[in-house]
There are 2 protein chains.
Amino acid sequence: MNFTTSEENYIKSIYHLQQETGTVNTNSLAAEMQTRPASVTDMLKKLRTKKLLQYERYKGFKLNDNGKKIALGVVRKHRLWEFFLANKLGFEWDKVHAIAEELEHVSSKELIERLEVFLGNPSFDPHGDPIPDSNGKIPQLKQLNLSSLELNQNALVSSVTNQNPQMLEMLKHYGIGIGTELKVMKRFEFDGSLEIKVLKKAACILSEQVAKNVFVHYD
Amino acid sequence: MNFTTSEENYIKSIYHLQQETGTVNTNSLAAEMQTRPASVTDMLKKLRTKKLLQYERYKGFKLNDNGKKIALGVVRKHRLWEFFLANKLGFEWDKVHAIAEELEHVSSKELIERLEVFLGNPSFDPHGDPIPDSNGKIPQLKQLNLSSLELNQNALVSSVTNQNPQMLEMLKHYGIGIGTELKVMKRFEFDGSLEIKVLKKAACILSEQVAKNVFVHYD
DNA sequence: AATTATTTTTAGATTTGTCTAAATTTTATT
DNA sequence: AATAAAATTTAGACAAATCTAAAAATAATT
(Lines give C-alpha, C1' and ligand atoms only; values in the text may rest on other atoms or scores of the structure.)
Protein backbone atom coordinates (compact mmCIF):
# COMPACT_ATOMS: atom_id res chain seq x y z
CA MET A 1 0.00 0.00 0.00
CA ASN A 2 1.08 3.59 -0.68
CA PHE A 3 0.99 6.49 1.75
CA THR A 4 0.95 10.25 1.34
CA THR A 5 3.65 12.46 2.83
CA SER A 6 1.15 13.61 5.42
CA GLU A 7 0.18 10.08 6.41
CA GLU A 8 3.83 9.09 6.69
CA ASN A 9 4.55 12.05 8.95
CA TYR A 10 1.68 11.16 11.26
CA ILE A 11 2.78 7.51 11.37
CA LYS A 12 6.34 8.50 12.19
CA SER A 13 5.28 10.87 14.98
CA ILE A 14 2.97 8.30 16.53
CA TYR A 15 5.84 5.82 16.43
CA HIS A 16 8.21 8.16 18.25
CA LEU A 17 5.63 9.10 20.87
CA GLN A 18 4.58 5.54 21.62
CA GLN A 19 8.23 4.57 22.07
CA GLU A 20 8.23 6.86 25.09
CA THR A 21 4.74 6.62 26.51
CA GLY A 22 3.41 3.29 25.26
CA THR A 23 0.11 4.77 24.20
CA VAL A 24 -0.50 8.11 22.49
CA ASN A 25 -3.23 10.71 22.95
CA THR A 26 -4.69 13.24 20.54
CA ASN A 27 -3.37 16.42 22.15
CA SER A 28 0.24 15.30 22.45
CA LEU A 29 0.27 14.18 18.82
CA ALA A 30 -1.22 17.54 17.81
CA ALA A 31 1.53 19.32 19.75
CA GLU A 32 4.25 17.12 18.22
CA MET A 33 2.95 17.77 14.69
CA GLN A 34 2.24 21.45 15.23
CA THR A 35 -1.37 21.08 14.20
CA ARG A 36 -4.85 21.09 15.80
CA PRO A 37 -6.40 18.20 17.71
CA ALA A 38 -9.31 18.17 15.25
CA SER A 39 -6.88 17.56 12.39
CA VAL A 40 -5.36 14.68 14.31
CA THR A 41 -8.77 13.08 14.81
CA ASP A 42 -9.43 13.41 11.07
CA MET A 43 -6.16 11.70 10.17
CA LEU A 44 -6.64 8.98 12.77
CA LYS A 45 -9.87 8.03 11.09
CA LYS A 46 -7.95 7.62 7.84
CA LEU A 47 -5.17 5.57 9.38
CA ARG A 48 -7.76 3.41 11.10
CA THR A 49 -9.50 2.51 7.85
CA LYS A 50 -6.05 1.59 6.52
CA LYS A 51 -5.66 -0.84 9.44
CA LEU A 52 -2.54 0.74 10.92
CA LEU A 53 -3.88 1.67 14.34
CA GLN A 54 -5.08 0.18 17.57
CA TYR A 55 -7.63 2.80 18.56
CA GLU A 56 -10.26 3.32 21.23
CA ARG A 57 -12.56 6.32 21.03
CA TYR A 58 -11.70 8.99 23.65
CA LYS A 59 -9.08 6.68 25.18
CA GLY A 60 -5.87 6.59 23.19
CA PHE A 61 -4.17 4.84 20.31
CA LYS A 62 -0.98 3.28 19.03
CA LEU A 63 0.38 1.67 15.89
CA ASN A 64 -0.33 -2.02 15.39
CA ASP A 65 2.27 -4.33 13.80
CA ASN A 66 1.21 -3.15 10.38
CA GLY A 67 1.66 0.49 11.34
CA LYS A 68 4.97 -0.14 13.05
CA LYS A 69 6.32 -1.71 9.89
CA ILE A 70 5.45 1.41 7.92
CA ALA A 71 6.94 3.66 10.61
CA LEU A 72 10.21 1.73 10.64
CA GLY A 73 10.43 2.05 6.86
CA VAL A 74 10.17 5.83 7.11
CA VAL A 75 12.61 6.00 10.02
CA ARG A 76 15.02 3.86 8.02
CA LYS A 77 14.85 6.22 5.04
CA HIS A 78 15.22 9.27 7.25
CA ARG A 79 18.33 7.99 8.99
CA LEU A 80 20.02 6.68 5.84
CA TRP A 81 19.55 10.09 4.21
CA GLU A 82 20.89 11.78 7.34
CA PHE A 83 23.97 9.59 7.11
CA PHE A 84 24.37 10.49 3.45
CA LEU A 85 24.05 14.21 4.12
CA ALA A 86 26.59 14.20 6.95
CA ASN A 87 29.13 11.68 5.68
CA LYS A 88 29.03 12.25 1.93
CA LEU A 89 27.94 15.85 1.52
CA GLY A 90 29.69 17.15 4.63
CA PHE A 91 26.68 18.72 6.37
CA GLU A 92 26.99 19.41 10.08
CA TRP A 93 24.97 16.86 12.04
CA ASP A 94 22.59 19.52 13.34
CA LYS A 95 21.60 20.49 9.76
CA VAL A 96 20.72 17.08 8.39
CA HIS A 97 17.38 16.51 10.12
CA ALA A 98 15.36 19.15 8.28
CA ILE A 99 16.52 18.03 4.84
CA ALA A 100 16.00 14.34 5.62
CA GLU A 101 12.40 15.22 6.52
CA GLU A 102 11.85 15.80 2.81
CA LEU A 103 14.04 13.05 1.40
CA GLU A 104 12.42 10.37 3.57
CA HIS A 105 9.24 10.59 1.49
CA VAL A 106 10.85 9.66 -1.81
CA SER A 107 9.23 6.34 -2.54
CA SER A 108 11.60 4.15 -4.58
CA LYS A 109 12.47 0.95 -2.73
CA GLU A 110 15.45 0.25 -4.97
CA LEU A 111 16.80 3.74 -4.28
CA ILE A 112 17.00 3.05 -0.57
CA GLU A 113 18.53 -0.40 -0.99
CA ARG A 114 21.24 1.00 -3.27
CA LEU A 115 21.79 4.02 -1.04
CA GLU A 116 22.34 1.74 1.92
CA VAL A 117 25.00 -0.26 0.04
CA PHE A 118 26.62 2.93 -1.24
CA LEU A 119 26.90 4.22 2.33
CA GLY A 120 28.50 0.95 3.48
CA ASN A 121 25.50 -0.44 5.41
CA PRO A 122 25.77 1.96 8.34
CA SER A 123 24.14 0.99 11.64
CA PHE A 124 23.78 4.46 13.16
CA ASP A 125 22.89 7.90 11.86
CA PRO A 126 24.90 11.05 12.67
CA HIS A 127 22.90 11.55 15.89
CA GLY A 128 23.80 8.03 16.99
CA ASP A 129 20.30 6.69 16.40
CA PRO A 130 20.12 3.15 15.04
CA ILE A 131 19.12 2.59 11.39
CA PRO A 132 16.51 -0.18 10.95
CA ASP A 133 17.38 -2.77 8.30
CA SER A 134 15.11 -3.56 5.35
CA ASN A 135 13.11 -5.96 7.55
CA GLY A 136 12.58 -3.30 10.21
CA LYS A 137 15.07 -4.84 12.63
CA ILE A 138 16.88 -2.26 14.77
CA PRO A 139 20.51 -2.87 15.75
CA GLN A 140 20.50 -3.02 19.53
CA LEU A 141 23.65 -1.56 20.96
CA LYS A 142 24.81 -1.95 24.55
CA GLN A 143 25.06 1.80 25.01
CA LEU A 144 26.05 3.24 28.33
CA ASN A 145 26.11 6.66 29.81
CA LEU A 146 29.46 8.41 29.85
CA SER A 147 28.87 9.02 33.55
CA SER A 148 28.94 5.32 34.25
CA LEU A 149 31.88 4.36 32.05
CA GLU A 150 34.67 2.74 34.09
CA LEU A 151 38.02 4.53 34.32
CA ASN A 152 40.53 3.98 31.51
CA GLN A 153 38.05 1.99 29.38
CA ASN A 154 38.37 3.13 25.74
CA ALA A 155 34.92 3.75 24.24
CA LEU A 156 33.23 5.33 21.22
CA VAL A 157 30.64 8.08 21.48
CA SER A 158 27.46 6.57 20.06
CA SER A 159 24.86 9.26 20.72
CA VAL A 160 24.16 12.57 22.40
CA THR A 161 20.73 13.41 23.79
CA ASN A 162 19.26 16.76 24.84
CA GLN A 163 20.42 18.71 21.85
CA ASN A 164 20.99 22.03 23.55
CA PRO A 165 22.97 24.13 21.05
CA GLN A 166 25.33 25.48 23.69
CA MET A 167 26.08 22.01 24.97
CA LEU A 168 26.72 20.78 21.44
CA GLU A 169 29.04 23.73 20.88
CA MET A 170 30.95 22.86 24.03
CA LEU A 171 31.29 19.21 22.98
CA LYS A 172 32.41 20.29 19.53
CA HIS A 173 35.02 22.58 21.08
CA TYR A 174 36.45 19.59 22.95
CA GLY A 175 36.40 17.53 19.74
CA ILE A 176 33.67 15.22 21.01
CA GLY A 177 31.05 13.95 18.55
CA ILE A 178 29.49 10.73 17.28
CA GLY A 179 32.30 8.24 16.70
CA THR A 180 34.89 10.01 18.86
CA GLU A 181 37.11 7.57 20.74
CA LEU A 182 37.75 8.54 24.37
CA LYS A 183 38.22 7.34 27.92
CA VAL A 184 37.54 8.65 31.42
CA MET A 185 40.76 9.57 33.27
CA LYS A 186 39.29 10.67 36.57
CA ARG A 187 35.93 11.01 38.27
CA PHE A 188 35.38 13.78 40.86
CA GLU A 189 32.78 12.32 43.18
CA PHE A 190 31.88 15.60 44.89
CA ASP A 191 30.16 17.03 41.80
CA GLY A 192 30.24 14.10 39.35
CA SER A 193 32.43 15.89 36.83
CA LEU A 194 34.76 13.85 34.65
CA GLU A 195 38.20 14.32 33.21
CA ILE A 196 38.00 12.98 29.66
CA LYS A 197 40.85 12.02 27.35
CA VAL A 198 39.94 12.21 23.68
CA LEU A 199 42.43 10.13 21.73
CA LYS A 200 45.20 12.33 20.30
CA LYS A 201 43.97 15.38 22.18
CA ALA A 202 44.63 17.01 25.55
CA ALA A 203 42.39 16.01 28.45
CA CYS A 204 39.26 18.05 29.21
CA ILE A 205 36.65 18.19 31.95
CA LEU A 206 32.90 17.68 31.55
CA SER A 207 30.30 18.42 34.20
CA GLU A 208 28.07 15.56 35.28
CA GLN A 209 25.13 17.33 33.68
CA VAL A 210 26.79 17.19 30.28
CA ALA A 211 28.22 13.70 30.75
CA LYS A 212 24.74 12.32 31.38
CA ASN A 213 23.73 13.32 27.86
CA VAL A 214 26.60 11.52 26.21
CA PHE A 215 26.33 7.81 25.49
CA VAL A 216 29.22 5.56 24.56
CA HIS A 217 29.82 1.92 23.76
CA TYR A 218 32.71 -0.48 23.36
CA ASP A 219 33.09 -4.02 22.09
CA MET B 1 9.05 32.47 -3.64
CA ASN B 2 8.18 28.82 -3.03
CA PHE B 3 6.40 26.44 -5.38
CA THR B 4 4.43 23.24 -4.90
CA THR B 5 5.44 19.98 -6.55
CA SER B 6 2.51 20.37 -8.91
CA GLU B 7 3.48 23.90 -9.89
CA GLU B 8 7.07 22.83 -10.46
CA ASN B 9 5.95 19.98 -12.70
CA TYR B 10 3.83 22.30 -14.82
CA ILE B 11 6.66 24.83 -15.08
CA LYS B 12 9.11 22.13 -16.12
CA SER B 13 6.77 20.74 -18.77
CA ILE B 14 6.05 24.18 -20.21
CA TYR B 15 9.79 24.77 -20.37
CA HIS B 16 10.44 21.57 -22.30
CA LEU B 17 7.57 22.18 -24.71
CA GLN B 18 8.52 25.78 -25.45
CA GLN B 19 12.09 24.69 -26.16
CA GLU B 20 10.69 22.81 -29.14
CA THR B 21 7.75 24.88 -30.31
CA GLY B 22 8.46 28.38 -29.04
CA THR B 23 4.95 28.84 -27.72
CA VAL B 24 2.80 26.27 -25.90
CA ASN B 25 -0.91 25.51 -26.11
CA THR B 26 -3.31 24.06 -23.56
CA ASN B 27 -3.97 20.71 -25.20
CA SER B 28 -0.35 19.78 -25.77
CA LEU B 29 0.51 20.63 -22.18
CA ALA B 30 -2.44 18.55 -21.01
CA ALA B 31 -1.18 15.63 -23.10
CA GLU B 32 2.37 16.03 -21.80
CA MET B 33 1.19 16.09 -18.19
CA GLN B 34 -1.42 13.34 -18.60
CA THR B 35 -4.20 15.55 -17.34
CA ARG B 36 -7.26 17.43 -18.68
CA PRO B 37 -7.19 20.73 -20.54
CA ALA B 38 -9.44 22.24 -17.88
CA SER B 39 -6.88 21.41 -15.21
CA VAL B 40 -4.21 23.08 -17.29
CA THR B 41 -6.28 26.24 -17.58
CA ASP B 42 -6.72 26.25 -13.80
CA MET B 43 -3.02 25.94 -13.16
CA LEU B 44 -2.17 28.57 -15.77
CA LYS B 45 -4.30 31.04 -13.87
CA LYS B 46 -2.23 30.31 -10.77
CA LEU B 47 1.11 30.63 -12.56
CA ARG B 48 -0.08 33.88 -14.14
CA THR B 49 -0.85 35.47 -10.78
CA LYS B 50 2.65 34.42 -9.72
CA LYS B 51 4.06 36.33 -12.70
CA LEU B 52 5.76 33.39 -14.37
CA LEU B 53 3.88 33.38 -17.67
CA GLN B 54 3.43 35.34 -20.81
CA TYR B 55 -0.17 34.47 -21.59
CA GLU B 56 -2.87 35.46 -24.05
CA ARG B 57 -6.38 34.12 -23.67
CA TYR B 58 -7.25 31.46 -26.28
CA LYS B 59 -3.90 32.07 -28.01
CA GLY B 60 -1.02 30.40 -26.24
CA PHE B 61 1.55 30.94 -23.52
CA LYS B 62 5.17 30.58 -22.51
CA LEU B 63 7.39 31.17 -19.51
CA ASN B 64 8.75 34.67 -19.03
CA ASP B 65 12.28 35.24 -17.68
CA ASN B 66 11.02 34.70 -14.17
CA GLY B 67 9.41 31.40 -15.09
CA LYS B 68 12.43 30.24 -17.05
CA LYS B 69 14.62 30.81 -14.02
CA ILE B 70 12.39 28.55 -11.94
CA ALA B 71 12.28 25.92 -14.68
CA LEU B 72 16.04 25.85 -14.99
CA GLY B 73 16.34 25.37 -11.24
CA VAL B 74 14.11 22.29 -11.40
CA VAL B 75 15.89 20.93 -14.49
CA ARG B 76 19.19 21.44 -12.71
CA LYS B 77 18.04 19.48 -9.69
CA HIS B 78 16.58 16.73 -11.86
CA ARG B 79 19.77 16.23 -13.83
CA LEU B 80 22.12 16.38 -10.85
CA TRP B 81 20.05 13.69 -9.13
CA GLU B 82 20.09 11.61 -12.32
CA PHE B 83 23.85 11.85 -12.35
CA PHE B 84 24.00 10.80 -8.72
CA LEU B 85 21.72 7.82 -9.29
CA ALA B 86 23.68 6.57 -12.29
CA ASN B 87 27.24 7.36 -11.24
CA LYS B 88 27.13 6.85 -7.50
CA LEU B 89 24.35 4.33 -6.93
CA GLY B 90 24.94 2.38 -10.14
CA PHE B 91 21.44 2.66 -11.63
CA GLU B 92 21.07 1.99 -15.35
CA TRP B 93 20.55 5.27 -17.19
CA ASP B 94 17.02 4.29 -18.27
CA LYS B 95 15.95 3.88 -14.60
CA VAL B 96 17.08 7.22 -13.24
CA HIS B 97 14.42 9.50 -14.72
CA ALA B 98 11.45 8.26 -12.70
CA ILE B 99 13.27 8.53 -9.37
CA ALA B 100 14.70 11.95 -10.20
CA GLU B 101 11.12 13.11 -10.81
CA GLU B 102 10.63 12.84 -7.06
CA LEU B 103 14.03 13.99 -5.87
CA GLU B 104 13.90 17.16 -7.97
CA HIS B 105 11.24 18.61 -5.65
CA VAL B 106 13.33 18.49 -2.49
CA SER B 107 13.75 22.14 -1.72
CA SER B 108 17.05 22.73 0.09
CA LYS B 109 19.34 25.03 -1.88
CA GLU B 110 22.39 24.02 0.13
CA LEU B 111 21.67 20.36 -0.59
CA ILE B 112 21.93 20.92 -4.31
CA GLU B 113 25.07 23.04 -4.07
CA ARG B 114 26.79 20.38 -1.97
CA LEU B 115 25.53 17.57 -4.17
CA GLU B 116 26.98 19.29 -7.21
CA VAL B 117 30.41 19.56 -5.57
CA PHE B 118 30.20 15.95 -4.34
CA LEU B 119 29.51 14.80 -7.90
CA GLY B 120 32.48 16.77 -9.23
CA ASN B 121 30.55 19.57 -10.97
CA PRO B 122 29.29 17.45 -13.84
CA SER B 123 28.19 19.20 -17.04
CA PHE B 124 25.95 16.46 -18.46
CA ASP B 125 23.49 13.97 -17.02
CA PRO B 126 23.49 10.25 -17.93
CA HIS B 127 21.30 10.96 -20.99
CA GLY B 128 23.84 13.51 -22.21
CA ASP B 129 21.60 16.47 -21.39
CA PRO B 130 23.40 19.55 -20.08
CA ILE B 131 23.11 20.46 -16.38
CA PRO B 132 22.37 24.17 -15.82
CA ASP B 133 24.67 25.87 -13.28
CA SER B 134 23.37 27.66 -10.18
CA ASN B 135 22.76 30.82 -12.26
CA GLY B 136 20.74 28.89 -14.82
CA LYS B 137 23.44 28.95 -17.43
CA ILE B 138 23.49 25.86 -19.64
CA PRO B 139 26.83 24.55 -20.88
CA GLN B 140 26.62 24.86 -24.64
CA LEU B 141 28.45 22.06 -26.27
CA LYS B 142 29.45 21.95 -29.89
CA GLN B 143 27.70 18.65 -30.32
CA LEU B 144 27.65 17.04 -33.69
CA ASN B 145 25.91 14.10 -35.20
CA LEU B 146 27.95 10.93 -35.42
CA SER B 147 26.95 10.81 -39.09
CA SER B 148 28.82 14.01 -39.77
CA LEU B 149 31.96 13.32 -37.74
CA GLU B 150 35.07 13.40 -39.93
CA LEU B 151 37.07 10.22 -40.37
CA ASN B 152 39.66 9.33 -37.70
CA GLN B 153 38.62 12.23 -35.43
CA ASN B 154 38.51 10.97 -31.83
CA ALA B 155 35.29 12.08 -30.13
CA LEU B 156 33.19 11.43 -27.02
CA VAL B 157 29.57 10.35 -27.14
CA SER B 158 27.64 13.19 -25.50
CA SER B 159 24.02 12.16 -26.00
CA VAL B 160 21.67 9.70 -27.65
CA THR B 161 18.22 10.74 -28.82
CA ASN B 162 15.23 8.59 -29.79
CA GLN B 163 15.43 6.21 -26.89
CA ASN B 164 14.18 3.13 -28.64
CA PRO B 165 14.97 0.24 -26.28
CA GLN B 166 16.18 -2.01 -29.08
CA MET B 167 18.49 0.66 -30.41
CA LEU B 168 19.86 1.27 -26.91
CA GLU B 169 20.42 -2.45 -26.51
CA MET B 170 22.35 -2.52 -29.76
CA LEU B 171 24.52 0.42 -28.72
CA LYS B 172 25.11 -1.19 -25.34
CA HIS B 173 26.17 -4.40 -27.07
CA TYR B 174 28.79 -2.47 -28.99
CA GLY B 175 29.93 -0.76 -25.79
CA ILE B 176 28.66 2.63 -26.86
CA GLY B 177 27.15 4.94 -24.24
CA ILE B 178 27.46 8.46 -22.87
CA GLY B 179 31.15 9.21 -22.46
CA THR B 180 32.41 6.47 -24.78
CA GLU B 181 35.45 7.55 -26.80
CA LEU B 182 35.33 6.52 -30.43
CA LYS B 183 36.15 7.45 -34.00
CA VAL B 184 34.75 6.78 -37.47
CA MET B 185 36.99 4.46 -39.51
CA LYS B 186 35.01 4.35 -42.73
CA ARG B 187 31.83 5.76 -44.23
CA PHE B 188 29.87 3.72 -46.79
CA GLU B 189 28.21 6.35 -48.93
CA PHE B 190 25.72 4.01 -50.61
CA ASP B 191 23.67 3.53 -47.40
CA GLY B 192 25.32 5.94 -44.99
CA SER B 193 26.46 3.22 -42.60
CA LEU B 194 29.60 3.76 -40.55
CA GLU B 195 32.42 1.59 -39.32
CA ILE B 196 33.11 2.72 -35.77
CA LYS B 197 36.14 2.08 -33.64
CA VAL B 198 35.46 2.24 -29.91
CA LEU B 199 38.75 2.72 -28.11
CA LYS B 200 40.14 -0.59 -26.85
CA LYS B 201 37.45 -2.57 -28.68
CA ALA B 202 37.03 -4.19 -32.07
CA ALA B 203 35.44 -2.14 -34.84
CA CYS B 204 31.69 -2.32 -35.42
CA ILE B 205 29.21 -1.07 -37.98
CA LEU B 206 26.25 1.23 -37.36
CA SER B 207 23.48 1.99 -39.85
CA GLU B 208 22.91 5.60 -40.78
CA GLN B 209 19.55 5.48 -39.00
CA VAL B 210 21.26 4.65 -35.72
CA ALA B 211 24.21 6.98 -36.26
CA LYS B 212 21.83 9.92 -36.67
CA ASN B 213 20.65 9.45 -33.11
CA VAL B 214 24.12 9.53 -31.62
CA PHE B 215 25.78 12.85 -30.87
CA VAL B 216 29.43 13.34 -30.13
CA HIS B 217 31.81 16.16 -29.34
CA TYR B 218 35.53 16.82 -29.10
CA ASP B 219 37.67 19.65 -27.82
C1' DA C 1 -22.26 13.42 43.72
C1' DA C 2 -22.32 17.61 41.37
C1' DT C 3 -19.75 20.85 39.05
C1' DT C 4 -15.81 22.36 36.55
C1' DA C 5 -12.05 21.60 33.52
C1' DT C 6 -9.82 19.00 30.05
C1' DT C 7 -9.72 16.08 26.21
C1' DT C 8 -11.63 14.41 22.13
C1' DT C 9 -14.77 14.35 18.52
C1' DT C 10 -18.16 16.24 15.21
C1' DA C 11 -20.01 19.62 11.99
C1' DG C 12 -19.17 22.62 8.69
C1' DA C 13 -15.86 25.76 6.11
C1' DT C 14 -11.47 26.51 3.34
C1' DT C 15 -7.58 25.63 0.10
C1' DT C 16 -5.29 23.01 -3.49
C1' DG C 17 -5.48 20.39 -7.37
C1' DT C 18 -8.21 17.85 -9.92
C1' DC C 19 -12.44 16.47 -12.68
C1' DT C 20 -16.90 16.61 -16.00
C1' DA C 21 -19.98 18.98 -18.68
C1' DA C 22 -21.27 22.96 -20.87
C1' DA C 23 -20.25 27.42 -22.89
C1' DT C 24 -17.23 30.30 -25.53
C1' DT C 25 -13.74 31.47 -28.86
C1' DT C 26 -10.90 30.38 -32.67
C1' DT C 27 -9.87 27.70 -36.79
C1' DA C 28 -11.11 24.88 -40.73
C1' DT C 29 -14.32 23.42 -44.26
C1' DT C 30 -17.97 23.32 -47.21
C1' DA D 1 -19.82 33.71 -45.43
C1' DA D 2 -22.02 30.21 -42.94
C1' DT D 3 -21.39 26.17 -40.64
C1' DA D 4 -18.77 22.48 -38.55
C1' DA D 5 -14.84 21.16 -35.87
C1' DA D 6 -11.35 21.91 -32.61
C1' DA D 7 -9.35 24.31 -28.82
C1' DT D 8 -9.96 26.79 -24.68
C1' DT D 9 -12.23 28.48 -20.83
C1' DT D 10 -15.87 28.68 -17.25
C1' DA D 11 -19.01 26.75 -13.86
C1' DG D 12 -19.70 23.70 -10.55
C1' DA D 13 -18.32 19.37 -8.08
C1' DC D 14 -15.06 16.40 -5.45
C1' DA D 15 -11.21 14.44 -2.48
C1' DA D 16 -7.43 15.48 0.66
C1' DA D 17 -5.80 17.89 4.44
C1' DT D 18 -6.44 21.36 7.11
C1' DC D 19 -9.03 24.81 10.17
C1' DT D 20 -12.66 27.04 13.75
C1' DA D 21 -16.34 26.63 16.73
C1' DA D 22 -19.31 23.87 19.16
C1' DA D 23 -20.78 19.49 21.15
C1' DA D 24 -19.80 15.25 23.66
C1' DA D 25 -17.18 12.34 26.65
C1' DT D 26 -13.93 11.75 30.27
C1' DA D 27 -11.21 13.32 34.25
C1' DA D 28 -10.48 16.34 38.20
C1' DT D 29 -12.13 19.13 42.00
C1' DT D 30 -14.88 20.93 45.27
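Let me start at the DNA. In this predicted model, 20 residues surround DNA strand C, and the closest of them are Asn25(A), Asn27(A), Thr4(B), Ala38(B) and Ser39(B). So much for the individual names; now the elements they sit among. Four helices each put at least two residues into the surface near DNA strand C: helix 2 (26-32) and helix 3 (37-49) from chain A, and helix 1 (5-21) and helix 3 (37-49) from chain B. Which element supplies the largest share of that surface? Helix 3 of chain B does, with five residues. Sorted by class, the surface near DNA strand C holds seven nonpolar, eight polar and five charged residues.

Next, the other strand. DNA strand D has 21 residues around it, and the closest are Thr4(A), Ala38(A), Ser39(A), Asn25(B) and Asn27(B). Helix 3 of chain A contributes the largest share of the surface near DNA strand D, five residues. The classes there come to seven nonpolar, nine polar and five charged residues.

For DNA strand C, the closest residues include Asn25 and Asn27 from chain A and Thr4, Ala38 and Ser39 from chain B. For DNA strand D, the closest residues include Asn25 and Asn27 from chain B and Thr4, Ala38 and Ser39 from chain A.

That brings me to how the chains are arranged. Chain B superposes on chain A by a rotation of 179° with 0.0 Å of shift along the axis, at an RMSD of 0.2 Å. The two copies are therefore related as by a two-fold rotation axis. Which C-alpha of chain B is nearest the axis? The one belonging to Leu103(B), at 3.6 Å from the axis. Both copies use the same surface, as 100% of the contact residues of chain B recur in chain A.

On the contact between the chains: 14 residues of chain B touch 14 residues of chain A. On the chain B side, helix 5 (96-103) and helix 6 (109-118) each supply at least two residues. Helix 6 of chain B gives the most, with four residues. By class, this side of chain B has eight nonpolar, three polar and three charged residues.

Now chain A as a whole. Its secondary structure comes to eight helices and eight strands. The C-alpha atoms of chain A fill a box of roughly 60 × 40 × 30 Å along the principal axes. Chain A has 219 residues, of which 31% count as buried. Of the contacts in chain A with a separation of 6 or more, 54% are between residues 24 or more positions apart.

The sheet comes next. In chain A, six strands form an open sheet in the order 3-8-4-5-6-7, with antiparallel pairing. Strand 3 (144-145) and strand 7 (203-206) of chain A are at the edges with a single partner strand each, so one side of each has no neighbour in the sheet. Inside that order, strand 4 (residues 155-160) and strand 8 (residues 214-217) of chain A run antiparallel and are joined by four bridges. Val157(A) stands opposite Val216(A) in strand 8 of chain A.

Chain B has an open sheet of six strands as well, antiparallel, in the order 3-8-4-5-6-7. Strand 5 (residues 181-188) and strand 6 (residues 193-198) of chain B pair antiparallel over six bridges, and Phe188(B) has Ser193(B) as its bridge partner. Four residues lie between these strands in the hairpin, and Gly192(B) takes a positive phi near 75°. Strand 6 of chain B is also joined to strand 7 of chain B, antiparallel, by four bridges, with Glu195(B) opposite Ile205(B). That hairpin too has four residues between its strands, and Lys200(B) in the turn has a positive phi of about 70°.

Last, confidence. What is the mean pLDDT of chain A? The value is 90, and 99% of the residues of chain A reach 70 or more.

Conventions: Residues are numbered from 1 along each chain as its sequence is written. Chains are lettered from A and ligands numbered from 1 in the order in which they are written. This is a predicted model: local features need pLDDT of at least 70, side-chain atom pairs count only at pLDDT 80 or more; totals for chains, interfaces and linings use all residues. pLDDT is the predictor's confidence in each residue, from 0 to 100. A residue is near a molecule or strand if its C-beta atom, placed from the backbone, lies within 6 Å of it. Ala, Val, Leu, Ile, Met, Phe, Trp, Tyr, Cys and Pro count as nonpolar, Asp, Glu, Lys and Arg as charged, and the others, Gly among them, as polar. Two strands pair if DSSP finds at least two bridges between them. Copies are superposed by least squares on the C-alpha atoms of residues with pLDDT of at least 70 in both. Two residues are in contact if their C-beta atoms, placed from the backbone, lie within 7 Å. A residue is buried if 20 or more other C-beta atoms lie within 10 Å of its own, exposed if 12 or fewer, and partly exposed in between; C-beta atoms are placed from the backbone.
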